[in-house]
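Open the model in your viewer and keep the selection panel at hand. We will go from stop to stop.

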Amino acid sequence: MGRTLAEKVWDDHVVRRAEGEPDLLFIDLHLVHEVTSPQAFDGLRKAGRPVRRTDLTIATEDHNTPTLDIDKPVADPVSRAQLETLRKNCADFGVRLHPLGDDEQGIVHVVGPQLGLTQPGTTVVCGDSHTSTHGAFGALAFGIGTSQVEHVLATQTLSMSPFKTMAVTVNGELPEDVTAKDLILAVIAKIGTGGGQGYVIEYRGEAVEKLSMEARMTICNMSIEAGARAGMIAPDETTFAYVEGRQHAPKGADWDEAVAYWKTLRSDEDAVFDHEVVIEAAELAPFVTWGTNPGQGAPLSASVPDPASFTDEGARYSAEKALEYMDLSAGQPLREITVDTVFLGSCTNGRIEDLRSAAAVLEGRQVAEDVRMLVVPGSVRVALQAVAEGLDKVFTAAGAEWRHAGCSMCLGMNPDQLQPGERAASTSNRNFEGRQGKGGRTHLVSPQVAAATAVLGHLASPADLSDVREPAGV
Ligand SMILES: CC(C)[C@H](C(=O)O)[C@@H](O)C(=O)O
Ligand code: SF4
């Protein structure tokens, strides 16, 4: 019987298999950040063990880093301690680290791909749930817990139980105003935040094949929000073109050999998935969330749903709670929801293409009075590229704040936070209660919707802006 892409990558990494036991997998790339690594390094220290493969391990600082005044000491003592601990651990164990201030620093899931470390057919792990991002390259990429981080540091292997496979096939072409973010929010709304539990999801179909690597990363990134263990997309010419020439990409004859292997990484025609979901791209529209989990979303043109309309009791209860927390009422048009803050950034939508598309909407326009917009590139490299293209000027001319790279307002682990009761349109991936600051309210949106929302002060898409901008030269 044929195998799926995920099964092929898995099989190629098994170093030990025994009846009734989980497989032991070799790990090609271990990404490390300050939040989930301290106890793992402590464990190694106690056991007197070194890091087994420092050449396959790389660390960056992202969650606790400030996005202003990065040349000054980190003010918050907890964050400072986290960063200092990572620096000491990396120095003690010989792990490559890109600290705050370094040109390769940034969100761990932006840094791996941009260095060419994330490659098709590899196994990638990190003590971070959004490691699923790297699956966009046809890598098998999992988030792991701190004890597993220690295991990988010590052995470069991981013990894993088998997963189920799911295919999400997106037929046809996405409408012009529909982005990868809208697509994945629609997928999660359809299958639910638990719909992917136990599965590795492979995204396929014409609409997915046409997507850029940035867009594919947005989709795989949020697989975890559907509860999936990983998300994957088969590597193709788009993938190879993205990887080629990057710092750690194979070179010369190694490149040709790698591409020949990567081309075999597709699900076989006769491969059988445990579950299949089919989506018609033409039916999709800009999508936003109204609730407090990423599955509580709807097309922007819709209204806040009535909890009573949910037949499932759990869904009804959770919608009631969400509306209460979000201070929304059933029937309210989503377009009429006003926001205080717009956050453009995160490992979901903090890449150069995301910044470009938001800048294209903001060019010649102004962020509404009473709205603050934070633009936070996913990495220093993304920031440098944006500056080279003049995007930072577009953002600041529009009245947005241009910040230093990091996780920033995606989660409240650094100074960028919502105040209690504040409402944000955010390009990040989680709208949980208090995620962006205690009492803060989050609507998940695409970069384009974020930019249009910043201009109008209420949830909006670029199509709503047609009369706001003076054409250039008039
Ligand atoms: C801090 C980290 C463990 C966490 C994760 O695993 O995803 C964070 O990145 C997040 O997005 O909530
Ligand atoms: S940007 Fe957000 S989701 Fe991504 S790693 Fe940082 S905190 Fe987690």
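Start with the shell around ligand 2: by class, it has 5 nonpolar, 6 polar and 2 charged residues. Here Ala, Val, Leu, Ile, Met, Phe, Trp, Tyr, Cys and Pro count as nonpolar, Asp, Glu, Lys and Arg as charged, and the others, Gly among them, as polar. Of the 13 residues around ligand 2, select S346, C347, C407, C410 and L411, which come nearest. A residue is near a molecule if its C-beta atom, placed from the backbone, lies within 6 Å of it.

A word on what you see. This is a predicted model, in which local features need pLDDT of at least 70, side-chain atom pairs count only at pLDDT 80 or more, and totals for chains, interfaces and linings use all residues. Residues are numbered from 1 along each chain as its sequence is written, while chains are lettered from A and ligands numbered from 1 in the order in which they are written.

**The two domains**

Color domain 1 (5–275) and domain 2 (302–465) separately. These bounds come from an automatic or database domain assignment. The shell around ligand 2 takes at least three residues from each of the two. Their C-alpha centres lie 24 Å apart. Now show the contacts: 33 residues of domain 1 touch 31 residues of domain 2. Contact means C-beta atoms, placed from the backbone, within 7 Å. On the domain 1 side, select α4 (108–114), α6 (180–191) and α8 (213–221); each supplies at least two residues. That side divides into 9 nonpolar, 15 polar and 9 charged residues. Helices (H or I, at least four residues) and strands (E, at least two) are DSSP runs, numbered from the N terminus.

**Ligand 1**

Next, select V35, T36, H63, D128, S129, H130, G143 and L411, the residues around ligand 1. This shell has 2 nonpolar, 5 polar and 1 charged.

**The core**

Which residues have the most contacts inside the largest nonpolar core? They are L183, V342 and L362, in a core of 137 residues. Such a core is a set of buried Ala, Val, Leu, Ile, Met, Phe, Trp, Tyr and Cys residues joined through C-beta atoms within 7 Å. Its largest share, 9 residues, comes from α6. A residue is buried if 20 or more other C-beta atoms lie within 10 Å of its own, exposed if 12 or fewer, and partly exposed in between, with C-beta atoms placed from the backbone.

Center on V342. Beyond its neighbours within four places in sequence, V342 contacts V371, M373, A424, A425, A450, T453 and A454. Now show strand β15 (residues 341–344): T341 and F343 on one side and V342 and L344 on the other are all buried. β15 runs parallel to β16 (residues 372–375), joined by 4 bridges. Find L344 opposite V375 there. β15 also runs parallel to β18 (residues 423–426), with 3 bridges. Find F343 opposite S426. Strands pair if DSSP finds at least two bridges between them.

Select α13 (residues 352–362). 8 of its 11 residues are buried, including L355 and L362. Just after α13, G364 has a positive phi of about 75 degrees.

Move on to D370, in the loop between α13 and β16. D370 is not a glycine, yet its phi is positive, about 75 degrees. Why does D370 count as exposed? Because D370 has 9 C-beta neighbours inside 10 Å.

Last stop: D69, in the loop between β4 (57–60) and α3 (77–93). Its phi is also positive, near 50 degrees. D69 counts as exposed, with 11 C-beta neighbours inside 10 Å. Most residues other than glycine have a negative phi.

Technical notes: Two residues are in contact if their C-beta atoms, placed from the backbone, lie within 7 Å.
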